[in-house]
Amino acid sequence: MKNSIKEEKESVTILFAGDSGDGIQLTGSEFTNTAAAYGNDISTFPNFPAEIRAPQGTLAGVSGFQLHFGSVELFTPGDNCDVLVVMNAAALKANLKQLKPNGTIIANTDGFDSKNLRLSKYPEGVNPLTDHSLDKFKLIQLDITKLNRECLKESGLGTKDMDRSKNMFVLGLIYWMYNRELDKTINFLKEKFKKSPELIDANVKTLKSGFHYGETSEVFTSNYEVKAAQLPAGNYRNIMGNQATAIGLIAAAQKSGLELFYGSYPITPASDILHELSKHKNFNIKTFQAEDEIAAICSAIGASFGGSFGVTASSGPGIALKGEALGLALMLELPLLVINVQRGGPSTGLPTKTEQADLFQALYGRNGESPLPVIAASSPSDCFEAVFEACRISIEHMIPVIFLSDGYIANGAEPWKFPQTKDIKAIVPPFIDASDVDKENFKPYKRDEKLSRPWAIPGTKGLEHRIGGLEKENETGNISYDPDNHEFMVKLREEKVQRIANYIPLQKIDSGNDSGKLLVIGWGSTYGAIKTAVHELKNEGIEVSHLHLRYLNPLPKNLEQLLNNFENILIPEMNNGQLLQILRAAYLKDAKGLNKIKGLPFTVDEIKVKIREMLNTNE
C-alpha cells in the first residue's frame with residue numbers, strides 16, 4: 001500500500017458528468033447518501049437532458065450531478081466544483097467552465113476517441129487531454145472503461161453489460177479519495193439487483209476495484225478528510241424536494257384525519273411525487289394516474305366534494321390545462337391543493353431545467369376574478385413544512401391553494417431533521433353534522449369569521465345543497481345572475497383570500513438587521529444562494545439583510561412595514577421580474593431586480609456582485 005497524504009477539507013464540491021446512459025445520477029445519489037450517513041451537510045443539483053435517450057457522446061446528451069458536502073452548514077450545491085469527473089469529451093466541454101482554478105479533472109480517456117471528440121464539436125485534430133489547454137488544472141487520465149472490463153473479464157458478462165457498471169468504478173475511486181465506506185452502496189446494490197446475482201457481483205467487484213485502485217496506484221498522491229457537520233441534535237435523513245412534498249402531504253392527511261386522494265398526470269419534474277405517494281398505501285393514500293391533466297384535477301375535486309382531501313400536481317403547461325377546473329374548485333369553495341413544480345417555459349419549454357416563471361400563472365392564470373392563496377417552498381427539506389402549511393390553509397379555509405416548488409428544489413437533496421408527530425399541529429376540517437344545523441334553514445355557504453363555509457358531506461340527510469360553476473347567491477348557494485350579487489361575490493372571494501393573512505405568521509428577516517441600507521428579498525429556490533451571499537458579505541462587514549417569502553398571496557401583514565425600514569431593495573428571481581412587479585404595485589417601492597432565465601439556479605457570486613454594485617462597494 002502506498003503512503004498517501006491525508007488532507008482535511010471544510011467542504012468539497014464534486015461534479016459527475018457523462019452520457020445520460022452512464023449512470024451519473026445514480027453515482028451522485030449514492031455518494032450523497034453515503035456522505036449523509038457520515039454526517040456531512042449536503043446540497044445537490046442534478047442536471048440532465050430532457051430526452052429519455054439523448055444522442056450518445058453529444059453536448060445535448062450530457063448528464064450531470066453536482067454535490068456539495070462539508071463539515072459546515074451548506075445552503076447551495078456550490079458555485080464551482082473542486083473535482084470534475086468526466087466520462088467523455090462532451091461532458092468535459094459542457095462543464096469545464098464550472099471547475100475551480102487548480103481543480104481536479106478525472107477523465108475517462110476512452111471517451112476521448114476521435115468519434116467522441118467529433119460529436120462534442122472539438123476542432124479536427126484537437127484533443128483537450130493532450131493539447132495543454134488543461135494545464136492549469138490537475139488532470140488525471142484513466143481508461144476507466146478498460147480498467148472496468150479487466151476487472152470483470154471473468155464475470156461471464158458481455159461487454160455491454162460490463163460497461164454498464166463502470167460508474168461503480170468511478171464511485172469506488174471517489175469513495176477512496178474522501179475516505180468513505182463502501183457498505184451503504186454495497187447494500188444498495190444487493191437490494192437493487194436482488195433478482196440478478198451476477199449483476200450484484202459485477203457492480204460490487206468494480207466498486208471495490210475503483211476503491212483499491214485509488215489506494216494502490218501512484219496516480220493519487222493524497223486523499224481527503226471531510227468531517228461530519230455539527231448540525232443540531234436530532235434524527236436526520238437525506239431527502240429530495242419531491243419526497244419531502246409527498247411526506248408533507250401524508251402528514252397533513254394524518255393530522256387532519258382525512259383520506260388523501262392524489263390525482264395526477266405524469267410530467268417532469270412533478271412525477272416523483274406520484275411515485276413516492278404510491279408507496280404509502282399503508283396511510284390510506286389513494287393515488288390515481290389520470291388520462292390527462294383535466295381528468296387529474298377533476299378527480300381531485302370530486303374527492304374533496306366527497307369528504308377526502310384532493311391533491312393534484314403538475315408543471316407549468318399542465319397547470320395551464322387545469323385552469324378551468326381550478327376556477328370551478330374556487331367557485332365550489334372546496335379544499336384542493338394544486339402543486340406546480342415549475343420548469344423552464346413557456347409551452348413545453350425546458351422540461352428538465354428549473355425556473356420561477358409561473359408566479360404570475362399561479363396568481364392570475366384563470367378566467368374572471370379568481371384569487372387563490374399561493375405558497376412557495378424554499379429548499380428540498382422546506383417542502384415538508386411548506387406543503388403542510390398549504391394543506392392547512394386549504395382545509396381550514398375551504399379554498400383551493402397553489403403550492404409552488406421547482407425543478408431545482410424537487411430534484412435537489414439535503415439532510416432533513418424530521419419532526420416528531422407530537423410536534424406537528426393538528427389540522428381541523430370544518431365539517432358539520434346534520435345535528436349541528438336547523439335542517440329547514442340550512443345554508444351551505446353561511447360563513448364564519450374567516451369567510452369560510454362549512455364542509456357538508458354530500459348524501460348527509462338534512463345537508464343537501466346545490467353546487468356548481470355558475471355564480472351563486474351568498475349563503476344559500478342558489479344560482480344567481482343578479483349583477484349586484486356577482487360583484488358582491490367577486491369582492492367576497494377576494495376578501496376571503498386576504499383574511500388568510502390573519503392566520504399566517506408575520507414575516508421575519510432571515511439574516512441581518514431589521515433595517516439598513518439594503519434588503520434582499522427572495523422566494524422559492526433562490527433561498528440558498530441569497531442566504532449564502534448575504535452571510536458571506538455580512539462577515540466582510542457589509543450591511544445587508546435577507547428576507548424570504550413563503551406566503552405570496554396573501555402577503556404577510558407586516559411586509560410593507562419591513563420594506564420601509566430599508567433604503568434599497570433587491571429581488572433576485574429566476575424569471576423576468578415577477579415578484580418585483582407584484583411588490584412594486586403593492587407597495588410603490590422602487591425595488592431593483594436581478595434576473596436569470598437560463599434554466600440554472602443563481603450562483604452565490606452572481607448575487608454578491610449585484611449587492612456590491614448596489615452598495616457601491618468593491619472587493
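**Loops, cis bonds and burial**

Student: Where is Pro-554 placed?
Tutor: This is a predicted model, in which local features need pLDDT of at least 70, side-chain atom pairs count only at pLDDT 80 or more, and totals for chains, interfaces and linings use all residues. Residues are numbered from 1 along each chain as its sequence is written, and side-chain values use heavy atoms, with hydrogens and water left out. Helices (H or I, at least four residues) and strands (E, at least two) are DSSP runs, numbered from the N terminus. Pro-554 is in the loop between strand E19 (551-553) and helix H19 (559-563).

Student: What is omega for the bond joining Asn-553 and Pro-554?
Tutor: Most peptide bonds are trans. The bond between Asn-553 and Pro-554 is cis, and its omega is about -5°.

Student: Where does Pro-346 lie?
Tutor: The peptide bond from Gly-345 to Pro-346 is also cis, with omega near 5°. Pro-346 belongs to the loop between strand E13 (336-342) and helix H14 (359-364).

Student: Is Met-398 buried or exposed, and what is its relative accessible area?
Tutor: Met-398 lies in the loop between helix H15 (382-396) and strand E15 (400-406), and its phi is positive, near 50°. Buried means under 20% relative accessible area, exposed over 50%, and partly exposed in between (1.4 Å probe, protein chains only). Met-398 therefore counts as buried, with a relative accessible area of 0%.

Student: What relative accessibility does Asn-179 have?
Tutor: Asn-179 is not a glycine, yet has a positive phi of about 55°. Its place is the loop between helix H6 (166-177) and helix H7 (183-192). Asn-179 counts as partly exposed because its relative accessibility is 25%.

Student: Which residues of helix H20 are buried?
Tutor: An α-helix has 3.6 residues a turn, so residues three or four places apart point the same way. Helix H20 spans residues 578-587 and is followed by Leu-588, whose phi is positive, near 55°. The buried residues of H20 are Gln-578, Leu-579, Leu-580, Ile-582, Leu-583 and Tyr-587.

Student: What is the radius of gyration of the protein?
Tutor: The radius is taken over C-alpha atoms, and the globule rule is 2.2 Å times the number of residues to the power 0.38. For 619 residues, a compact globule would therefore have a radius near 25 Å, and the value for the protein, which agrees, is 27 Å.

Student: What share of the 619 residues is buried?
Tutor: The protein has 21 helices and 21 strands. Its C-alpha atoms fill a box of roughly 90 × 60 × 50 Å along the principal axes. Of its 619 residues, the buried share is 57%.
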